[in-house]
Amino acid sequence: MKMKLISIVLIVAGILVLSYPTLAEEYHDYQQRKLVEEWQHSMEMIDNGEDDPETTPVLPAVPSGVAKEENRPEAPAAETSEAAKKKAPDFSQYANMEGILTIDKIDLMLPILHGATEKNMKTTVASIENTGKAGEVGNYAIAGHRNYTYGRNFNRLDEMNVGDKIQVDNGEAKFEYTVTEKLYVKPEDIWVLEANGQDKEITLITCHPMRNPTHRLIIKGKITE
């Protein structure tokens with residue numbers, strides 16, 4: 001009986017070990033989708049500048065010669081607070097999110113987190129600190145893993161070619177970059193992160209090849225006015 005129980009435990013443990021990579025990917029994919037959906041929802045709330053008639057109080061006309069302060073009805077504090085919650089999006093959860101990266105060529109849409117840390121890059125792609133910002137003069141550098149799963153993160157980045165388009169939405173504006181270079185460099189070649197001081201550039205970085213990587217795949221682009 002004891003040996004049978006041990007066998008069952010070992011089988012279950014083996015199944016969990018084998019399924020862990022798939023479960024982990026599904027979890028991170030869920031996080032990606034959640035970030036994208038929440039970001040888009042908040043952008044829709046910001047874009048909708050019309051007042052909600054159900055939450056906006058209608059003020060009566062003020063007779064001439066009477067101060068507005070004397071005739072302005074005061075909305076109940078609880079109602080005003082509730083209306084404010086409905087109208088104003090909470091951006092506290094986006095403190096570490098810079099925007100959305102979209103590449104139609106490889107059917108990619110990912111949230112961009114700030115800081116290429118191990119934790120951030122397990123979830124999605126992330127910007128490299130002390131590089132540029134989206135839409136500004138400088139070199140906006142974004143790093144991502146070259147996952148084995150087809151289409152995940154920068155798995156298909158090697159399909160990009162000169163002339164392809166890259167879009168970045170930072171919540172305030174959308175910027176389109178045109179790919180100008182595709183390079184394979186050594187890990188120590190950090191010159192790819194440098195800006196020329198004139199162009200609004202973007203640099204996408206991942207490992208190459210996917211297994212036992214020895215180099216870095218670099219996709220560079222710029223905004224053409």
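## The Asp199–Lys222 pair

In this predicted model, the side chains of Asp199 and Lys222 meet in a salt bridge, a term that here requires a side-chain nitrogen of Lys or Arg within 4 Å of a carboxyl oxygen of Asp or Glu, and their N to O distance is 3.0 Å. Asp199 lies in the loop between β6 (174-185) and β7 (200-208), while Lys222 belongs to strand β8 (residues 215-222), so the pair ties together parts that are 23 residues apart in sequence. Helices (H or I, at least four residues) and strands (E, at least two) are DSSP runs, numbered from the N terminus.

Lys222 is partly exposed at 25% relative accessibility, where buried means under 20% relative accessible area, exposed means over 50%, and partly exposed lies in between (1.4 Å probe, protein chains only).

## Two further salt bridges

Asp158 forms a salt bridge with Arg146, with 3.3 Å between the closest N and O atoms. Both residues sit in the loop between β4 (138-143) and β5 (165-169), 12 residues apart. Arg146 is buried at 7% relative accessibility, whereas Asp158 is partly exposed at 30%.

Lys122 and Glu118 also meet in a salt bridge, at 4.0 Å from N to O. These two residues are four apart in helix α4 (residues 118-123), which means that about one helical turn separates them. Glu118 is exposed at 61% relative accessibility, and Lys122 is partly exposed at 45%.

Residues are numbered from 1 along each chain as its sequence is written, and side-chain values use heavy atoms, leaving out hydrogens and water. Local features need pLDDT of at least 70 and side-chain atom pairs count only at pLDDT 80 or more, whereas totals for chains, interfaces and linings use all residues.
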